[in-house]
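The exercises below concern helix packing and strand pairing. Work through each task with the structure open, then compare with the solution.

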Amino acid sequence: MATDLSRYRNIGIFAHVDAGKTTTTERFLKLTGKIHKIGEVHDGAATTDFMEQEQERGITIQSAATTCFWKDYRFNIIDTPGHVDFTIEVYRSLKVLDGGVGVFCGSGGVEPQSETNWRYANDSEVSRIIYVNKLDRIGADFLRVVKQVEEVLGAKPLVMVLPVGKESELKGVVDLLTRKAWVWDESGDPLNYEVVDVPEDMKDDVEEWREKLIETAVEQNDELMEKYLDGEEPSIDDIKACIRKGTINLDFFPTYCGSSFKNKGVQLILDAVVDYLPSPTEVKPQPEIDLEGNETGEVATVDIDKPLRALAFKIMDDKYGALTFTRIYSGKLGKGTSVLNTFTGKTERIGRIVEMHADSREEVDSAQAGDIVALLGMKNTQTGHTLCDPDNPATLEPMVFPDPVISIAIATRDKANAEKLSIAIGKMVREDPSFRVETDDDSGETIIKGMGELHLDIKVDILKRTYGVEVDVGKPQVAYRESITLRIEDSYTHKKQSGGSGQFGKIDYIIEPLESGEGFQFESKVVGGNVPKEFWQAIEKGFERSIDRGVLAGYPTVDFKVTLTDGSYHPVDSSAVAFETAARAGYRQTMPKAGAQILEPIMKLDVFVSDDHIGDVIGDLNRRRGMIKSQEPSATSVQIKAEAPLSEMFGYIGSLRTMTSGRGQFSMAFSHYHACPRNVAEQVIKEAKEREEAKKK
């Protein structure tokens, strides 16, 4: 059965930690779950105390996507992480959303974390409505937060309601369009409200704000605007159509207020999601990419009859096994069918498909364009992989998983913890492709690698809190590289005669540096049969297998080319193994002559600070060997773009907070590798030697 996609809303709720995201989501689920199935008034559901919410939160809000219904509209509510970890996670959630609800605290206002979330949502062009929560708090002030949204976020809030009563006296809200007040009683039941006339003392304010609302809305439609200027007020339906258009175009953000905890004002937000946020067919479709990673010019239009295109956006473990949360962009997905994962190149069979409902899960036989479902039993699918029709492959976005630039060693305290650790780490790697793990063969330590200090801090925290694994954490290690600066022509002969057949292989070769990022290349220019063709691959393999250990400090060597120019062989004693051995020895012989150097990872930094702290922040970055690239005033602050070596950036978040009294924000991503200054390189080599010595002991 075809569904009416205009009745779908895929939304996320994002907020600063502690603005009330959990409670708001919980109230959405309560109201929608209850109204969808009228007969079942859950006992005491309206006045959940806090502990129960916590327990409930374990099932409902933790699931990455929950489906519920409001007035015959289907909402898929996607959990966006409150903690912006500057990694793939937030972008991924925003990718599968069509619209969002930005929650702000009525007393805290626009906090740094909300600025970061807002900036990400702007980058992804997600339409949003704003909800100012916690207006029952002391010091809460709706219009002050509205002003902050304008000044700090540089956004245009469109005020849709005004609060009735202040702080602990909050009774409800006035809907400006209908000029009606929604007033709740003190029972705490969200369904105990009346719609009454606007209180006398608010009438002037309501008219003033209503006029602003209509003036802004009619700018979306020239014909209505002319009529309005001639004194003819458009109908409420026409005004709503204008607000919808402006919201989807990101011209403004309809702004509501209330108190989720006290159950006041939440229904109006649910109505606003229906009225103003886009359906899956009203957002820009995802561009498609072929298997080589080039844009094809095609887009995954939301259409049930097109070939299957779906994106796995989150992997989560629960008691039933691994759930792969998937957004279907086009086509259909049926139980028991096979789909192609374009990242692994393998097909996988769809086991079970479940929809997460507010308070339960429901198995379904199929899902289609616009749906968000969880798949069970996917073996090799990870975050960000595209699932598609095997006969008609395409990828939804190029998978860019940067290589980790920082690692720390972790060790468990006893055997019981060690077993828990390996299970936990397996799950964590599946959930976050930018997190890698390996075991150090010599010391037996577990080494975790990630995108930055904060990234790994959070992983260690998850190990402790979520999985109950106690670990001791070593000092952060930077992932250095080695490269060369000189072109060297050289020759190496490997021969071994010891009874029976010997080994012989002679190679003449050139080793030369390449540009940064070009990796390792091999070419053979041997003419005539001096080194038979069947041995070329063995020689290439010998060099390639050597690059993991550089000659200065044992870090991998990058960006060089080996050209085989000549050599000789023995008809009996030469073998692939002999030539591979010659290549390995040649690498060790020539690299030290080729001007080997240490490269360090350079990070791209975006630092957001207010005007009065710029001097301190730039001075500090200069001390960290940073290069300031640009300063751009933004609506919210000054954005300093800079590059700095990772090794100098440990503990930066603490320093930045101290310098900016907690307001500074930064994000950091790997940019490129660059040669270290001599004093730094000497220190890196010295530390590597000390580590080698310690291992021998």
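**Exercise 1.** In this predicted model, determine how helix α6 and helix α7 pack, and which residues meet.

Solution. 
1. Locate α6 at residues 203-218 and α7 at residues 222-229.
2. Their axes are 8 Å apart, at an angle of about 140°.
3. Angles over 145 degrees count as roughly antiparallel, 65 to 115 as roughly perpendicular. α6 and α7 are therefore oblique to each other.
4. From α6, Glu-211, Ile-214, Glu-215 and Val-218 meet Leu-224, Met-225 and Tyr-228 of α7.
5. By class, five residues in this contact of α6 with α7 are nonpolar, two are charged and none is polar.

**Exercise 2.** Work out the strand order of the open sheet of four strands and give its edges.

Solution. 
1. Start with strand β30 (residues 488-496), which pairs with strand β31 (residues 503-513) in the antiparallel sense over nine bridges.
2. The order is β30-β31-β33-β32, and the pairing is mixed.
3. β30 and β32 (520-524) are the edge strands, since each pairs on one side only.
4. From one strand to the next, the twist averages 25°.

**Exercise 3.** Which strands does helix α12 lie across, and which does helix α13?

Solution. 
1. α12 (residues 536-546) lies across β31, β32 and β33, and runs at about 155° to β32.
2. α13 (residues 576-590) lies across β30, β31 and β33, and runs at about 40° to β31.

Technical notes
Residues numbered from 1 in each chain as written. Predicted model: local features only at pLDDT ≥ 70, side-chain atom pairs only at ≥ 80, totals over all residues. Heavy atoms only, no water. Pairing = 2+ DSSP bridges. Helix = DSSP H or I, 4+ residues; strand = E, 2+ residues; numbered from the N terminus. Axes fitted to C-alpha atoms, helices over the stretch in contact; angles between N-to-C directions. Parallel < 35°, antiparallel > 145°, perpendicular 65-115°, else oblique. Contact = heavy atoms within 4.5 Å. Nonpolar A, V, L, I, M, F, W, Y, C, P; charged D, E, K, R; others polar.
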